[in-house]
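Visitor: I would like to understand how the words used for a structure follow from the values behind them. Could you take me through some of them step by step?

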Amino acid sequence: MVDPNFIASLLASSIRAGTPLLYATLGEIITERSGVLNLGLEGIMITGAFTGFAISLATGNPWLGVLCGGIAGMLLALVHAFFSITLKANQSITGLMLVLLGLGITGFLGRNYIGEVAYYLDLIKIPVLSDLPYLGEVLFSHDPLAYLAVILAALLWFILFKTRYGLEIIAAGEKPEAADSMGVDVDRVRYISTLFGGFLVGIGGAYLSLAYAKLWTEGMTAGRGWISLALVIFSGWMPQRAIFGAYLFGGLDVLSFKLQAIGVGISYHFMKMLPYVVTILVLLVSVIRKRAAFGAPTALGTPYVRGKKE
Amino acid sequence: MRDIITPIASIAASLVVVGILLAAIGINPLEAYAVMFTSSFTSKFGLAELCVKTTPLIFTGLAVAIPLKAGLWNIGAEGQLYMGAFAASVVALYSNLPGYAMLPAMFLIAAIFGMGWAAIPAVLRAKFDLNEILSTLLLNYVAIYWVEYMVYGPMRGKEVYNFPYTDLFPDIATLPRFFGTRFHLGFFIAIIIAIAIYYLVNKTDFGFSLRVVGANPRAADYAGISRQKVIIYSMLLGGMFAGIAGMIEVSGIQLRLRPLISTGYGYAGIPVALLASGDPLLVIVSAALFGFLYVGGSVLQTTYSVPVAIVYVFQSLIVLFIIAGQSLRRRG
């Protein structure tokens, strides 16, 4: 029953399916570390997916597509940043509206792109290593963005925990008053983190349409934004742990597909339900265990108003 | 003092942004808006459709407005609606109740299922302080896939070939229609319930504690009002309205259960409630406005083949503009 070829191809596709989740999770980790809760991932991802696809189709350059997907994500994140940082509005509702906005705009503009064939990201087989039995397929035969995601996770870990700028981000998310009195411009740090986070989430979306699914369909994110939100909690706001979580959830996604294909009788509709149920359970576990012990930034979701004591 | 400038300015600003989007795909926005207007208001059928779309929005508007009075965001009206529709359909198709009991039974069971679906996030919020925005939202997907599963599987009808539908409801399980249009009894039920809720909120003890908890949780503690109770009750009430919306939709319009019985009515409840600033009577008015957007949206689809997704853009923009307006006023 356990065929090594099956396992190898399952693991390889888990990495591909997990990569968009990884980008989105990393983006949201950076955003949340600075104290801003952006629930709009689903809308930002779909916007990145559409923009990436449309630009790749128009220019013939998938890399330009990826870049523009990231920029589109950043623009939506800018809306969120403006509302939650400058206007100090309810962050949950604004984030949620980004989902509606993203799904709406892409559904509206994206209709004529369904069934089109754009230019996609090619695989890079790393010489020698990719010829290794099994391991080569699993680890060394991916597209560049998949490799980049892992490097990025390591880089973000380094920036967050080993540099002064990372310290400022964490301070803005933990104790904004203290950060402010240390001379950190809290609003500025939060703006930058939210925009950069949106950029990564947008790239995660572009990865979906340009490397993973290789097509555009309305609503193609299919809940991946929500899963990424749960993965942020799951990874305890640590970039390095996000790698594991993203591939695990990517693997679940692939596994359900493969089980379906070989005729294991789990209803398709229940499989679609699963990510949402898992997300609720992850949230539940995270609130039952103490928030601080679990690693959530203390000031997450609270606007910072200078000189206001709670 | 009621703020009327913010909602009106928000609607205007959203019309402008959507107009730009329409222009971007080569449609004259003024012409499109004119078509939306004439098709809804100048014929019997247009007006009937307006009421048809307004009906579920009154319910989902209330489903958001009541918990919001207590400071809770019910983003789950969509899922509660599906659960209500599912439960009502089970009764309609399998219960063999006599005619006089059928509709009341469907109404009741839909209310209970909507409430039950809202009870999950309500309890999680009251006991564990779990963010109700996320939990209600995630449960929507669960409910929608549940209905999908049922109509693709156990509840698929015998006379529907391979479509994922149930069979048509028996006549006794459908709401009466009038004027040879789709206009049905549900519209009046919605209006009556909205008026009843207006009294509940403004003239009863429960309404009072609702408003206190929403306005000032600490004052509620001093006044001896149990916050947990109010959280749970307001959410249950909200879920009940959404569940009823589901029953009204399947027995008044669809006449069977199928996937996509609601085109985002639950989500539209959010701007409906916000625009009405939570006032149950104003919910009727703002539901009518969004009903107009729905009718207009589908007219745009048939006339210019503009995807109905434009309605979502409208909704999200209106909410964002209202929030911006409120924040600016608060600071201003």
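Guide: Let us begin with what is meant by a helix here, namely a DSSP run of H or I that is at least four residues long, with the runs numbered from the N terminus. The model you see is a predicted one, and chain B, read along its sequence, follows the pattern α-α-α-α-α-α-α-α-α-α-α-α-α.

Visitor: How many helices and strands does that give for chain B?

Guide: Chain B has 13 helices and 0 strands.

Visitor: What makes the radius of gyration of chain B agree with that of a compact globule?

Guide: For 332 residues, a compact globule would have a radius of gyration near 20 Å, and chain B has 20 Å, so the value agrees with the rule. Along the principal axes, the C-alpha atoms of chain B fill a box of roughly 60 × 50 × 35 Å. Among contacts in chain B with a separation of 6 or more, 76% join residues 24 or more positions apart, and 55% of the 332 residues count as buried.

Visitor: Why is A:I227 called buried?

Guide: The cut-off for a buried residue is 20 or more other C-beta atoms within 10 Å of its own; A:I227 has 29 within that distance, and therefore it is buried. A:I227 has its place in helix α10 of chain A, residues 224-234.

Visitor: Which residues is A:I227 in contact with, leaving aside its neighbours within four places in sequence?

Guide: They are A:L21, A:F249, A:P275 and A:T279. A:F249 lies 22 residues from A:I227 in sequence, and their C-alpha atoms are 8.2 Å apart in space; contact, however, is judged on C-beta atoms, which must lie within 7 Å.

Visitor: Which residues touch the most other members of the largest nonpolar core?

Guide: That core has 216 residues, and the ones that touch the most other members are B:L62, B:A88, B:M106, B:A110, B:I244, B:V283 and B:V313. Its largest share, 15 residues, comes from helix α5 of chain B, residues 99-128. B:A110, leaving aside neighbours within four places in sequence, is in contact with B:G84, B:A87, B:A88, B:G243, B:I244, B:G246 and B:M247.

Visitor: How many residues does each chain bring to the contact between chain A and chain B?

Guide: Chain A brings 33 residues and chain B brings 31. On the side of chain A, α4 (91-109) and α12 (268-288) each supply at least two residues, and this side divides into 21 nonpolar, 9 polar and 3 charged residues.

Methods. Residues are numbered from 1 along each chain as its sequence is written. Chains are lettered from A and ligands numbered from 1 in the order in which they are written. This is a predicted model: local features need pLDDT of at least 70, side-chain atom pairs count only at pLDDT 80 or more; totals for chains, interfaces and linings use all residues. The radius of gyration is taken over C-alpha atoms; the globule rule is 2.2 Å times the number of residues to the power 0.38. A residue is buried if 20 or more other C-beta atoms lie within 10 Å of its own, exposed if 12 or fewer, and partly exposed in between; C-beta atoms are placed from the backbone. Two residues are in contact if their C-beta atoms, placed from the backbone, lie within 7 Å. Ala, Val, Leu, Ile, Met, Phe, Trp, Tyr, Cys and Pro count as nonpolar, Asp, Glu, Lys and Arg as charged, and the others, Gly among them, as polar. A nonpolar core is a set of buried Ala, Val, Leu, Ile, Met, Phe, Trp, Tyr and Cys residues joined through C-beta atoms within 7 Å.
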